[in-house]
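Student: Hey, could you walk me through this protein? I'd like to go piece by piece.

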Amino acid sequence: MTHPEIMRALSGLLLGLFAAILSSTVVTNALPRIVGDLGGGQTTYTWVVTASLLATTASTPLWGKLADQFSKKLLVQSALVVYVIGSLVAGLSRNPATLIGARVIQGLGGGGLSALAQVVLAAMISPRERGRYSGYLGATFAVATVGGPLLGGVVTDTSWLGWRWCLFLGIPFALLALVVLQKTLNLPVVRRQVKVDWAGAFFVTAAVCLLLVWVTFAGDKYAWLSWQTGVLVGVSALLTAVFLAVETRASEPIIPLRLFRTRTTTLASLASLLVGTALFAGTVFFSQYFQLARGDSPTRSGVMTIPFIAGLFVASTVSGRIITRTGRWKAWLLTGGALLTAGLALLGMLRHDTPYTFIALCMALMGLGVGMTLQNLVLCTQNQVDASDLGAASSTVTFFRSLGGAVGVSVLGSILTTRIGHYTRASITQLSPGDQATAAKSSGGDVPDLALLPAPVRTWLEAAYGHAIGDIFMYVAPLVLIAFLVTLFIKEVPLRASSGLARAAQEARAAQEAPAARN
């Protein structure tokens with residue numbers, strides 16, 4: 001494919017990817033208002049985000065495996081249709097349960113779009129040239145990740161629109177992507193006998209679901225060390241063991257365990273798991289910080305996160321172009337890991353009255369770090385697997401990134417609730433007796449409406465949220481440091497000069513010529 005042909009096909013992929021990521025990020029600044037209108041609390045807040053991430057996590061390997069067996073174009077279009085259905089149901093939700101269920105449907109479509117964008121890119125373009133085009137994916141990821149909250153904030157604050165339109169925003173992009181892909185994406189389909197690993201998909205989904213249920217309610221509904229913890233963790237571990245046993249026997253495993261014989265795949269998956277925690281924690285908790293610790297509106301909250309999107313945009317595009325020119329990628333991984341660790345560690349000092357200049361610098365460091373790591377972890381994995389495993393390998397790394405985000409948001413959301421309770425109890429005696437009575441009603445499980453609180457109570461609650469969210473970033477920093485140490489051991493292999501489809505054709509010809517050579 002020529003560069004113009006690639007760009008035309010890529011435009012449809014980018015539209016679909018933008019819609020998928022937008023569904024996860026556009027609601028972040030609207031969530032305090034959404035949860036308040038629907039009558040939910042901090043647990044609802046966490047699950048509206050986690051439900052989408054969970055479905056994305058569980059479905060990503062399945063989409064990737066199907067891409068190795070069926071038409072990639074048809075699969076992308078199917079994912080877009082699922083996403084549109086989920087978005088419609090979400091926007092029409094009247095209670096938290098319906099919204100969370102709709103977010104699951106959105107996540108199923110989003111998982112396909114996130115995984116298949118990487119798979120189609122690998123099929124069309126060689127690893128050596130892919131850095132240039134991966135930069136476009138990274139830029140799209142950046143704009144949707146942090147631009148989504150800004151757009152969602154504006155929509156939420158617009159009286160004649162409201163938060164429901166945040167959930168409808170991705171639909172026009174998805175429909176346009178369907179049309180563009182129909183006209184521009186034409187990839188040959190290799191037809192062969194297939195057997196989908198439905199058992200593997202079921203057991204990995206069940207194991208992840210139970211794990212998320214445990215971390216969401218631990219510390220609130222029951223203690224971290226309790227019989228409920230033992231049951232949920234034990235059953236989750238058992239389901240994981242069953243999943244591994246199923247994968248060793250499946251003819252077409254959803255996650256081929258042989259991929260982990262390659263050190264790069266194993267280390268890149270582990271690093272993606274840890275970096276994913278930092279990425280999604282940042283996008284979720286930044287909005288809570290600006291709205292609940294500083295009293296900003298949803299629109300202003302989105303504007304405040306621009307340094308993060310700017311860093312991510314610059315890092316992903318610049319690193320992609322330089323990698324294409326030089327063929328060297330490991331230095332970018334290491335630099336990104338160092339910057340991300342530094343940004344999170346500095347954010348650990350966050351308080352409700354921290355100067356915004358300091359916060360902007362930390363967010364820029366985080367954005368630069370994420371932009372240099374996420375796409376390159378996928379790139380180095382794709383570069384070292386067979387063409388027939390491109391889909392599975394790409395989706396495996398993406399799976400661990402989504403898993404890190406889903407588990408991270410759940411765990412950190414539970415910890416945040418605990419830390420807020422700790423700081424409010426520790427400082428409530430500083431208020432007058434009358435304000436203490438008001439404060440006691442405002443420190444329950446529901447997300448507070450700061451505008452309705454007296455000034456002393458509002459300042460008291462903002463201080464608790466600011467300190468607690470600072471703790472969250474401090475807890476994430478060591479995880480990213482581990483990811484940085486993991487990337488030190490990834491061996492830098494020169495990027496290949498042939499695309500996935502070209503390599504698949506070469507492997508097919510070799511398989512056909514082998515019997516003839518023996519005869």
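Student: Which residue forms a salt bridge with R458?

Tutor: That's E462, and the closest N and O atoms of the pair are 3.1 Å apart. A salt bridge here is a side-chain nitrogen of Lys or Arg within 4 Å of a carboxyl oxygen of Asp or Glu. Keep in mind that this is a predicted model, where local features need pLDDT of at least 70, side-chain atom pairs count only at pLDDT 80 or more, and totals for chains, interfaces and linings use all residues. Residues are numbered from 1 along each chain as its sequence is written, and side-chain values use heavy atoms, with hydrogens and water left out.

Student: Where do R458 and E462 sit relative to each other?

Tutor: They're four residues apart in helix α18, so about one helical turn separates them. Helices (DSSP runs of H or I, at least four residues) are numbered from the N terminus.

Student: And is E462 buried or exposed?

Tutor: E462 counts as buried because its relative accessibility is 10%. Buried means under 20% relative accessible area, exposed means over 50%, and partly exposed is in between (1.4 Å probe, protein chains only). R458 is partly exposed, at 26%.

Student: How many salt bridges are there in the whole structure?

Tutor: A search finds four. One of them joins E492 and R328, with the closest N and O atoms 3.2 Å apart. That pair links distant parts of the chain: E492 is in the loop between α18 and α19, R328 is in the loop between α13 and α14 (330-347), and they are 164 residues apart. R328 counts as exposed at 53% relative accessibility, while E492 is partly exposed at 24%.

Student: What about R300, what does it pair with?

Tutor: R300 forms a salt bridge with D296, and the closest N and O atoms are 3.1 Å apart. D296 is buried, with a relative accessible area of 13%, but R300 is partly exposed at 46%.

Student: New topic! How many residues does the largest nonpolar core have?

Tutor: It has 148, and among those with the most contacts inside it are V76, F285 and L344. The largest share of this core, 16 residues, comes from helix α11 (residues 263-293). A nonpolar core is a set of buried Ala, Val, Leu, Ile, Met, Phe, Trp, Tyr and Cys residues joined through side-chain atoms within 4.5 Å.

Student: What does L344 touch?

Tutor: Leaving out residues up to four places away in sequence, its contacts include A278, M366 and F473. There's also a second, separate core of six residues, including L259 and V385.

Student: Last one: which residues make the nonpolar surface patch?

Tutor: V143, F313, V314 and V318 make a patch of about 290 Å². Helix α13 (residues 306-326) gives the largest share, three residues. V314 lies in that helix and counts as partly exposed, at 42% relative accessibility. Patch residues have over 30% relative accessible area and no salt bridge, with nonpolar side chains (Val, Leu, Ile, Met, Phe, Trp, Tyr) joined within 5 Å and like charges within 9 Å. Accessible areas come from the Shrake-Rupley method with a 1.4 Å probe, and for residues only the protein chains shown count as cover.

Notes
Helix = DSSP H or I, 4+ residues; strand = E, 2+ residues; numbered from the N terminus. Contact = heavy atoms within 4.5 Å.
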